[in-house]
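Please keep the sequence and the coordinates at hand while reading.

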Amino acid sequence: MSGPLLEIDDLHVDFDTRAGTVKALRGVSLSIAPGETLGIVGESGSGKSVTAQAVMGLIDVPGRISGGEVRWRGQSLVGRSVAKGARDIWGKDITMVFQNPMTSLNPLMTIGDQIAEVVEIHLGLSRKAARARAAELLAAVGIAGAARRLDQYPHEFSGGMRQRVMIAMGIACEPKLLVADEPTTALDVTIQAQILELLAELQEKMGLAIVLITHDLGIVAGLCHRVAVMYAGQIVETGPVDDIFEAPSHPYTQGLIRSTPGLEAAEKRLISIEGMPPGLLHPPSGCAFLPRCPIGDEGCRAPQALHPFGAGTVACRKAGEQAWRDA
Ligand SMILES: Nc1ncnc2c1ncn2[C@@H]1O[C@H](COP(=O)(O)OP(=O)(O)OP(=O)(O)O)[C@@H](O)[C@H]1O
Ligand SMILES: [Mg+2]
């Protein structure tokens, strides 16, 4: 197959709240190719999870898609639901792994039954075949003694093992795209590394495309081919992972890298970007990063469209200028 698997085109998502309309996504465009791993990074509240929810058809009241498109292999997903014939897309072709595996697993059902249920529904396997497949999947995600483990309940599994189970369910039907929203945030560092390694391994073996959402740029470095940086409901920069780390062109990306522990530019000391993102009830029409940007000026009050820059794209008229001098 050629062409992108998933295309997000000028997507707008609003949430109607008592205080007014929160403009959570303000014109997000992205595409994901088969087998590609795309990292989405950005501070809390920048719209990463809402983007994932839009891809999964999970935007629900008080939220709504107020503009733009999400297309799966050319077909629009906006306004569709599992009931309206999209059942073979969500849960089969596109699956999701969430941040907290304890709340996503049913505490009253054995691990084996929960995995088997997925393949029964989507692949129409018999009970017996589904159980065999569940054991295979547990082994594939690195859980030893799978046959015995099938009859255990979620509370008998450690946090890292529960996340492996979620990944097993995510890959059960050999999806083409796995969306992982902060899949390792709840885990300690060693387990985190193992889970990321597992994702990388599955990605390679299955030719799976992955969208990996994280606020941690360090995680992206090891796993992703390409990165999209979000700020205040918009994408401010995209590019191949090496370019983003070696020569970030948007001042916000530069600041983010400078404040990430363990990355080269941040080795000397840990500095965070001063200030806060704007509220999304009344976001500015121009660059949302302007109040925090060391090199922004009056001209940045005009809307900054994402445009090609180097091997990626950037939404900044001063792209490529060094925003911080001490990096
Ligand atoms: N159900 C909701 N009702 C109102 N506002 C919402 C709702 N869900 C999300 N939002 C708003 O949408 C914006 C984007 O939220 P989102 O959850 O996508 O952020 P995020 O980038 O995933 O952050 P985090 O790193 O904290 O997970 C935020 O301003 C948030 O307050
Ligand atoms: Mg989130």
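This is a predicted model: local features need pLDDT of at least 70, side-chain atom pairs count only at pLDDT 80 or more; totals for chains, interfaces and linings use all residues.

## Helix α4 against helix α7

Two packed helices are described by the angle between their axes and the distance between the axes. For helix α4 (residues 111-123) and helix α7 (residues 159-171), the angle is about 20° and the axes are 9 Å apart. Angles under 35 degrees count as roughly parallel, and α4 and α7 are therefore roughly parallel to each other. The crossing of α4 past α7 is right-handed.

On the α4 side, the contact uses Ile111, Gln114, Ile115 and Val118, and these meet Val165, Ala168 and Met169 of α7. By class, the residues of this contact between α4 and α7 comprise 6 nonpolar, 1 polar and no charged.

## Helix α4 against helix α5

Helix α4 also packs on helix α5 (residues 127-140), where the two axes come within 8 Å and cross at roughly 115°. That angle makes α4 roughly perpendicular to α5. Here too α4 makes a right-handed crossing, this time past α5.

From α4, the residues in contact are Ile111, Gly112, Asp113, Ile115, Ala116, Val119 and Glu120. Their partners in α5 are Arg127, Ala130, Arg131, Arg133, Ala134, Leu137 and Leu138. The contact of α4 with α5 divides into 8 nonpolar, 1 polar and 5 charged residues. Ile111 and Ile115 are listed in the contact with α7 and also in the contact with α5.

## Helix α7 against helix α8

Helix α7 has a further packing partner in helix α8 (residues 189-206), at an angle of about 15° and with the axes 10 Å apart. This makes α7 roughly parallel to α8. The crossing of α7 past α8 is right-handed.

Gly160, Gln163, Arg164, Ile167 and Ile171 form the α7 side of the contact. The α8 side consists of Ile191, Gln194, Ile195, Leu198, Leu199, Leu202 and Met206. Sorted by class, the residues of the contact of α7 with α8 are 8 nonpolar, 3 polar and 1 charged.

## The largest pocket

The largest pocket holds about 560 Å³ of space. Its lining is made of 21 residues, and those nearest the pocket centre are Gly91, Met96, Val118, His122 and Met169. Val118 and Met169 also belong to the contact between α4 and α7.

Which element gives the most to the lining of the largest pocket? It is α4, with 5 residues. Strand β6 (94-97), α4 and α7 each supply at least two residues of this lining. By class, the lining of the largest pocket has 11 nonpolar, 8 polar and 2 charged residues.

## The cavities

How many cavities of 30 Å³ or more does the structure hold? There are 2. The largest cavity contains about 60 Å³ of space. Its lining residues are Pro251, Cys287, Phe289, Leu290, Cys293, Ile295, Gly296, Cys300, Gln304, Cys316, Arg317 and Lys318. They divide into 8 nonpolar, 2 polar and 2 charged residues.

The second largest cavity has a volume of about 50 Å³. Leu6, Ile8, Leu30, Ile32, Ile40, Thr51, Ala52, Val55, Val179 and Val211 line this second cavity. Elements giving two or more residues to its lining are β1 (6-17), β2 (20-32) and α1 (48-55). Of the elements, α1 gives the most to the lining of the second largest cavity, with 3 residues. The class count for this lining is 9 nonpolar, 1 polar and no charged residues.

## Backbone details

Val61 and Pro62 are joined by a cis peptide bond, with omega about 10°. Pro62 lies in the loop between α1 and β4 (63-72).

Arg73 has a phi near 45°, which is a positive value in a residue other than glycine. Arg73 is located in the loop between β4 and β5 (75-76).

Terms used
Residues are numbered from 1 along each chain as its sequence is written. Chains are lettered from A and ligands numbered from 1 in the order in which they are written. Side-chain values use heavy atoms; hydrogens and water are left out. Axes are lines fitted to C-alpha atoms, for helices over the stretch in contact, and angles run from 0 to 180 degrees between N-to-C directions. Helices (H or I, at least four residues) and strands (E, at least two) are DSSP runs, numbered from the N terminus. Angles under 35 degrees count as roughly parallel, over 145 as roughly antiparallel, 65 to 115 as roughly perpendicular and the rest as oblique. A crossing is left-handed if the near helix is turned anticlockwise from the far one by less than a right angle, and right-handed if clockwise. Contact means heavy atoms within 4.5 Å. Ala, Val, Leu, Ile, Met, Phe, Trp, Tyr, Cys and Pro count as nonpolar, Asp, Glu, Lys and Arg as charged, and the others, Gly among them, as polar. On a 1 Å grid over the protein atoms alone, a cavity is a set of points where a 1.4 Å probe fits but cannot get out, and a pocket is an open set with protein on both sides within 12 Å along at least five of seven lines; lining residues have an atom within 4 Å of a point. Grid points are joined across faces, edges and corners, and a volume is the space filled by probe spheres set on the points.
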